[in-house]
Amino acid sequence: MNPEAKPNFVPLAIVGMGALFPKARGLEAYWNNILGKLDAITAIQPTHWRAEQFFDADPKSPDRTYCRRGGFIEPVPFNPLSFGISPNNLEATDTSQLLGLYVAAEALRDAGCDPDDPAWDRSRTSVILGVTGTLELAIPLGARLGHPLWREALREAGVPEAQAEEVVRRIADGYVPWQENSFPGLLGNVVAGRIANRFDLGGTNCVVDAACASSLSALHLAALELATGRSDMVVSGGVDAFNDIFMYMCFSKTPALSPSGDARPFDAACDGTTLGEG
């Protein structure tokens, strides 16, 4: 290899953006929060989980987390019919898939490619997103399958059969039920697939899992897709709406979470990371 050889430089352009972050429903709010030095990390939201049920300052306390702060997306208006989704299927569709559609539409409009306008060529537009691990919906669906263990525990405790069945039913009713759309609704790759399908984008669609580097890895692959001429435009970035107690437990028992609840990179007083959605 010639050490003086220079790689071919292919200029790329960012032509549109969309964003949904804690305390920022849109790009303007996101940039303003940065300029205004706004701290978007807050106490755990009851819409996600309750600190009084899971918090313990002792990192070794079983089934407890020592962190009770994070970044949480605020509720956004979402009309499933405008994205071709039946309201009956919402319960079986992961939040990441729904919000991915929401922000992708925003980015396309910002690029001058309105998803509802048939006038632009979609055949060479790809979707490459960073999506880490499993999706949130897998947890409640998997939890429903613990009924044999529940029955056995109730039986060993001497609970009558009829009463035990009633208890099992009540526990199961606390979780999302399995249905026809549950499987696609919990898959990470469907975050990109839904966007490509709904907006009729004919290029590559896939997701990249590189843990905390997933969004940057997705952008890297998107750049390669464009540089090689396989696509004319790529919808790329990261999607993560999985900030429930399961993820806090994963990071607590590593342990990687900041006990103070504040991420302070490059600071001598840094004490761990903080979880956030976006």
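In which segment does Pro255 lie? Pro255 lies in the segment after H10, where helices (H or I, at least four residues) and strands (E, at least two) are DSSP runs numbered from the N terminus.

This is a predicted model, in which local features need pLDDT of at least 70 and side-chain atom pairs count only at pLDDT 80 or more, while totals for chains, interfaces and linings use all residues. Residues are numbered from 1 along each chain as its sequence is written, and side-chain values use heavy atoms, with hydrogens and water left out.

**View 1. The cis peptide bond at Pro255.** Thr254 and Pro255 are joined by a cis peptide bond, with omega at about -10°.

**View 2. Helix H9 and its buried residues.** H9 comprises residues 214-227 and reaches 20 Å from its first C-alpha to its last. Ser214, Ala218, Ala222 and Glu225 of H9 are buried (under 20% relative accessible area, against over 50% for exposed and in between for partly exposed, with a 1.4 Å probe and protein chains only). These residues are on the same side of H9 because they cover an arc of only 75° around the axis, taken from the directions from the helix axis to the C-beta atoms. Just after H9, Gly229 takes a positive phi of about 80°.

**View 3. Positive phi at Asp200.** Asp200, which is not a glycine, has a positive phi of about 60° and lies in the loop between helix H8 (189-198) and S4. Its relative accessibility is 55%, so Asp200 counts as exposed.

**View 4. Positive phi at Ala211.** In the loop between S4 and H9, Ala211 has a positive phi near 55°. Ala211 counts as partly exposed, at 49% relative accessibility.

Conventions:
The expected span of a helix is 1.5 Å times one less than its number of residues.
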